[in-house]
Amino acid sequence: MLDCRNAAFHRFVVVLLVELLALAPLRVAAQSQRPPSPPQPKEVFESLRATLERPYLELFEAAPSLEYSPAQIERMRRYLDEARQYCVREFRARLSTYQKDRQRLQADLKRRTASLEDPERRDLHCKIQNLRILESQAQMLVEHAIPVAYENKKAKLELIEKWPQELERIKQEIASGTYHQRRFGDVKDIGIRELVPGQERDIKDGQEAVRQMKMTGLLPPELDHPAIKKYVNDVAQKIARHSDLRVPLNLTLLNSKEINAFALPGGFLFIQRGLLEAVEDEAQLAGVIAHEIAHVTGRHGNKLMKRATIASIIYQAAQVAAVILTGGAATLGTYYALQYGFYGLGLVLSLDLLGVSREFELEADQLGVQYAWNAGYDPSGFIRFFDKMATREGYVNGASWFRTHPPFFARMVHTKREMMFLPEKPGLVRDTEEFRRMKEELAKVTAQAAEEEKNKPSLLTPVQGCPAPEKPEFKPGDPIEKICPLPSS
Ligand SMILES: [Zn+2]
């Protein structure tokens, strides 16, 4: 998304233009539209809407016995599309109001600069800063939060529609034994099988990337807490030992609010504090770590990175970070930086370096589930965490998770399929006493970080002590309906 390479940027502009052209007539026609009216009959709509609120794991169980007709599902799909368009339109209109207001105030400030008394000037400064924050929020909602939230709902609708048939196919594959022939189906040979030779050749790339990131100031400070570090490292090393990893796993904890984990080629795993705060049990943490390890064992970064040197990749990331941190553009990234004063690593790091692409995400999902399971974890942890991110936190906090991704439906079904093919294993772990203890320690670290952040001067909010934005549009974790209320019937 924030990729600066010229070819990609041009592609983006072309895509954007094509989309704008495609949307233009629609938007004009829609100007005067009211919120979409929910499909009738009301009972069906309400029940289907409630069903879409349920977690993926429950829907996998429930879908075969749900009795919605194809026509009902189709009507719901159309309604969700209309609701998304309505919601985006609302916030686009607000965005444009904020922009105009700010431009008006800025012109005012410039015109009267010589005659303004200090209190009045300060008041104007605060108002302009406040409008910048609101603009940034609205833009983030329009570009990211609203589309992701509705995509998640549509994925669940698709699951209700298609999972029953998919389940039959899976059962047949299990009955006939053909599932053993699936890609990476040799799960009993994990660690012995050769996925992609040459992992060790990626170590120096990873080291170089770490060095460059430190040099350009991209890395947040390390989280210096021996007990937390030991706990996370124990979990990570356990998964590493039960994976196809052939290089040492090198863990770094970063003290930043971002909900993110990423692995660089050669086994350099980074986990940000926000992720530890967001996971609800050890199996969820294990699911995320296993997914990241899978990017390393699949050598995804190596496969994608061929064209650029690490130095140029990191240099570009640092440039984007500079724009974000100075509020040079009212972008999604600005919002993050404003809200959290954090580094937005998940937003600036090249997806090529991290090995993230549509194809490789599905591969890492599959291998990740295998590794978590092989290490003795309940492999549903990954689905549960993904669900939480996509439904609530994710569209605000976890942008990096959804930057380039295969459709949610494909990811969830693909992961669930793999879970069903894995041999029975008794005593799979979901939660541990050690996890709870880590959370207790973490709460203290979080509280301390919040205290330190309170009055930290920032490039983005240079005016200190202004009143809080008068109307915060949403809080991280709110469901989308709270942001865009729609008539319920
Ligand atoms: Zn991934």
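In strand 3, which residue is the bridge partner of L254?

Guide: The bridge partner of L254 in strand 3 is Q272. Please note that the model is predicted. This pair belongs to the pairing of strand 1 (residues 250-254) with strand 3, which runs in the parallel sense over five bridges. Another pair places L251 opposite L269 in strand 3.

Strand 3 also has a partner in strand 2 (residues 261-264), and here the pairing is antiparallel, over four bridges. Within it, F262 has F270 of strand 3 as its bridge partner. Strand 2 and strand 3 form a hairpin in which three residues lie between the two strands. In the turn of that hairpin, G266 has a positive phi of about 90°.

In general, the strands of a sheet pair through backbone hydrogen bonds, in either a parallel or an antiparallel sense. In this protein, three strands form an open sheet in the order 1-3-2, and the pairing is mixed. Strand 1 and strand 2 are the edge strands, each pairing on one side only. From one strand to the next, the twist averages 20°.

The setting of strand 3 itself deserves attention. Strand 3 covers residues 268-272 and is mostly covered, with five of its five residues buried. F268, F270 and Q272 point one way from strand 3, whereas L269 and I271 point the other way. The residues of both sets are buried. For the protein as a whole, 40% of the 489 residues count as buried.

Helix 7 lies across strand 1 and strand 3, and its direction is at about 140° to strand 1. Helix 9 packs on the sheet as well, touching strand 2 and strand 3, and its direction makes about 20° with that of strand 2.

The axes of helix 7 (residues 226-241) and helix 9 (residues 282-297) come within 10 Å and cross at roughly 55°. The two helices are therefore oblique to each other, and helix 7 passes helix 9 in a right-handed crossing. On the side of helix 7, the contact is made by V235, A236, I239 and A240. Helix 9 contributes E282, L285, A286, I289, A290 and I293. By class, this contact has nine nonpolar residues, no polar residues and one charged residue.

Finally, some wider context may be of use. The protein has 19 helices and three strands. Among contacts between residues at least 6 apart in sequence, 82% join residues at least 24 apart.

Technical notes:
Residues are numbered from 1 along each chain as its sequence is written. This is a predicted model: local features need pLDDT of at least 70, side-chain atom pairs count only at pLDDT 80 or more; totals for chains, interfaces and linings use all residues. A residue is buried if 20 or more other C-beta atoms lie within 10 Å of its own, exposed if 12 or fewer, and partly exposed in between; C-beta atoms are placed from the backbone. Two strands pair if DSSP finds at least two bridges between them. Two residues are in contact if their C-beta atoms, placed from the backbone, lie within 7 Å. Axes are lines fitted to C-alpha atoms, for helices over the stretch in contact, and angles run from 0 to 180 degrees between N-to-C directions. Angles under 35 degrees count as roughly parallel, over 145 as roughly antiparallel, 65 to 115 as roughly perpendicular and the rest as oblique. A crossing is left-handed if the near helix is turned anticlockwise from the far one by less than a right angle, and right-handed if clockwise. Ala, Val, Leu, Ile, Met, Phe, Trp, Tyr, Cys and Pro count as nonpolar, Asp, Glu, Lys and Arg as charged, and the others, Gly among them, as polar.
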